[in-house]
Amino acid sequence: MPVVMDADRIGRTLARIAHEIVERNKGVDDLALVGVRRRGVPIAKRLARAIKEITGHDVPTGALDITLYRDDLMRHAVGPQPTVRRTEIQFSIDNRKILLVDDVLYTGRTTRAALDALIDYGRPKGIQLIVLVDRGHRELPIKADYVGKNLPTSPEESVQVRLLEIDGQDEVVLEGGGA
Amino acid sequence: MTTASTDVERKPAVTALRHKDLLGIVDLTAEEIALILDTAEAMKEVGTRPIKKVPALRGKTVVNLFYEPSTRTRTSFEIAEKRLSADTLNIAIGTSSVVKGETLADTALNLEAMAPDMIVLRHSSSGACHLLSRICRSAIINAGDGMHEHPTQALLDAFTIRERKKQLKGLKVAIIGDLLHSRVLRSNIQLLTKMGAQVWVCGPPTLIPTDIRRFGVTATSSVDEAVTDADVVMLLRIQLERMEGAYFPSLREYFRVFGMTEARLRQAKSDVMIMHPGPMNRGVEIASEVADGPYSVILDQVANGVAVRMAVLYLLAGGAEHEEAA
């Protein structure tokens, strides 16, 4: 199981993305971060801290649960319903630039669900997508604006992002595949 | 401001309801009850959004089949179904073939032929939901059957208590009123004892079922004893329509001996919650000053009913196929 990103690398990557966010948006005035549950949430919070260190400004941060918007809901022949968690967006998204944060970009279906969910909260000025890892194999026309690492994979492999806040350690691991 | 918001996530012990139907609390484990209440917390947030609707049950059809009058439960289910994007159908018995003599089983089979996914049933006969469960492929949700169970009411009561008190375990819950005819009581006793609450039940001796202690509750006819140090006081409606005999001399006398007044309530804990499943008989089981007073969470119960029913509908929509495949 090769470790493709260790804790240091993840830290440097998020610091770089934070700088890119500030540069591309020419400041942080109308920005807000929204993490997709579960692992997008701690990444969004870390980016908010990094942006605060760079600019001195707080960027509002929320958590989005997309379970009720999934396109595979009710299509499973077998298996329980995915657990629904709370969405917490305690600010208006109207006329803000929303930075949507997820750990892995794969088929694009989660992002599609997140866009639908987000738009039910209002009409943002724009939505930008941030992912820690882009592993390819898109099934929908979706592209990330900020990518931590492009990781070529085969569909048989799986990418595990582990974060201190949820898993007790920071690392990105490539599992399975040809073995 | 929101960067400080807590990200504590309750880790559910179970992630699915392994049932086709929700017939009664008796069939649920403590873990399954906790799963429904946790899911309801997420559903409650949907009701606070500008667009109070999620696509989770898109394309599912839910029939609300109500053989008894109901305002709260029927509207609550209908709003819950609509917030999940299900297609809903309300069958009012007064205008249906039931008045021409069709039996419950025949009505259900005819509805079933039109392939709904779920049927929400309210019926005056205990066990009506079990009958439907045996003959229907659709998921059956009990919205109150006779004097038997009313599971979603007990779930919304538990949700409301947990919201204020954080947990049910160890709380003293006093349930006062018509114990004999109450399906709300039966479901609540099952749920509260499973979750570790201490349940006291209180009413006139004529309205206390003889075998009630079998369910692990303390029964008394002394309101003072029931209310003392209670965390929760739940009043039950005096169900005049189900009473064929004379169980107590008069409504005035019932209120004098058992009615919940401010004076009686002072014996409870200082943060007591007053609950009532509705509809209330003001001046019979509850004084107006208590119903409208600061301890009353009666309208919170109604609001929470929608979230709890959304959780049940969502969890059962996946559960039906799950069990067949197992």
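Strand β2 of chain A (residues 31-36) is mostly tucked away: six of its six residues are buried. Keep in mind that this is a predicted model.

**Around β2 in chain A**

- In a regular strand, side chains alternate between the two faces of the sheet.
- Here, A:L31, A:L33 and A:G35 point one way from β2(A), while A:A32, A:V34 and A:V36 point the other way, and all are buried.
- On the pairing side, β2(A) runs parallel to strand β4 of chain A (residues 97-105), and five bridges join the two.
- If you want a landmark for that pairing, look at A:L33, which stands opposite A:L99 in β4(A).
- β2(A) also pairs with strand β3 of chain A (residues 61-64), again in the parallel sense, over four bridges.
- There, A:G35 has A:A63 in β3(A) as its bridge partner.

**On to β5 in chain A**

- β4(A) pairs with β5(A) too, in the parallel sense and over eight bridges.
- A handy pair to find is A:I98, which sits opposite A:I127 in β5(A).
- Strand β5 of chain A (residues 126-134) has seven of its nine residues buried, so the rest of the structure largely encloses it.

**Salt bridges in chain A**

- Over all chains, a search of the whole structure turns up 27 salt bridges.
- A:R162 makes one of them with A:E171, side chain to side chain, at 2.7 Å from N to O.
- A:R162 also forms a salt bridge with A:E175, where the closest N and O atoms are 3.2 Å apart.
- A:R162 is partly exposed, because its relative accessible area is 22% and the buried class stops under 20%.
- Elsewhere in chain A, salt bridges link A:R16, A:E20 and A:R24 in a network.

**The five-stranded sheet in chain B**

- Chain B has an open sheet of five strands in the order β7-β6-β5-β8-β9, with parallel pairing.
- Its edge strands are β7 (218-220) and β9 (273-275) of chain B, each of which pairs on one side only.
- From one strand to the next, the twist averages 20°.
- Strand β6 of chain B (residues 198-202) runs parallel to β7(B), and three bridges join them.
- To spot that pairing on screen, find B:W200, which stands opposite B:T218 in β7(B).
- Helix α5 of chain B (residues 151-165) lies across β8 (232-235) and β9 of chain B, running at about 165° to β9(B).

**A salt bridge between loops in chain B**

- The side chains of B:K269 and B:D231 meet in a salt bridge, 3.0 Å from N to O.
- This pair links distant parts of the chain, 38 residues apart: B:K269 is in the loop between α9 (262-265) and β9 of chain B, and B:D231 is in the loop between α7 (223-227) and β8 of chain B.
- Are the two partners buried or exposed? B:K269 is partly exposed at 35% relative accessibility, whereas B:D231 is buried at 7%.

- B:T261 sits in the loop between α8 (251-258) and α9 of chain B.
- With a relative accessible area of 18%, B:T261 counts as buried.
- Which residues does B:T261 touch, leaving aside its neighbours within four places in sequence? B:T261 is in contact with B:F255, B:A287, B:E289 and B:V290.
- B:T261 and B:A287 are 26 residues apart in sequence, yet their C-alpha atoms are 5.4 Å apart in space.

**A nonpolar patch on chain B**

- B:L109, B:L131 and B:I135 form a nonpolar patch on the surface, with about 210 Å² of accessible area together.
- B:L109 is placed in helix α3 of chain B (residues 104-112).
- B:L109 counts as partly exposed, at 40% relative accessibility.

Definitions and conventions
Residues are numbered from 1 along each chain as its sequence is written. Chains are lettered from A and ligands numbered from 1 in the order in which they are written. This is a predicted model: local features need pLDDT of at least 70, side-chain atom pairs count only at pLDDT 80 or more; totals for chains, interfaces and linings use all residues. Side-chain values use heavy atoms; hydrogens and water are left out. Patches are made of residues with over 30% relative accessible area and no salt bridge: like charges are joined within 9 Å, nonpolar side chains (Val, Leu, Ile, Met, Phe, Trp, Tyr) within 5 Å. Accessible areas come from the Shrake-Rupley method with a 1.4 Å probe; for residues, only the protein chains shown count as cover. A salt bridge is a side-chain nitrogen of Lys or Arg within 4 Å of a carboxyl oxygen of Asp or Glu. Buried means under 20% relative accessible area, exposed over 50%, partly exposed in between (1.4 Å probe, protein chains only). Two strands pair if DSSP finds at least two bridges between them. Axes are lines fitted to C-alpha atoms, for helices over the stretch in contact, and angles run from 0 to 180 degrees between N-to-C directions. Contact means heavy atoms within 4.5 Å.
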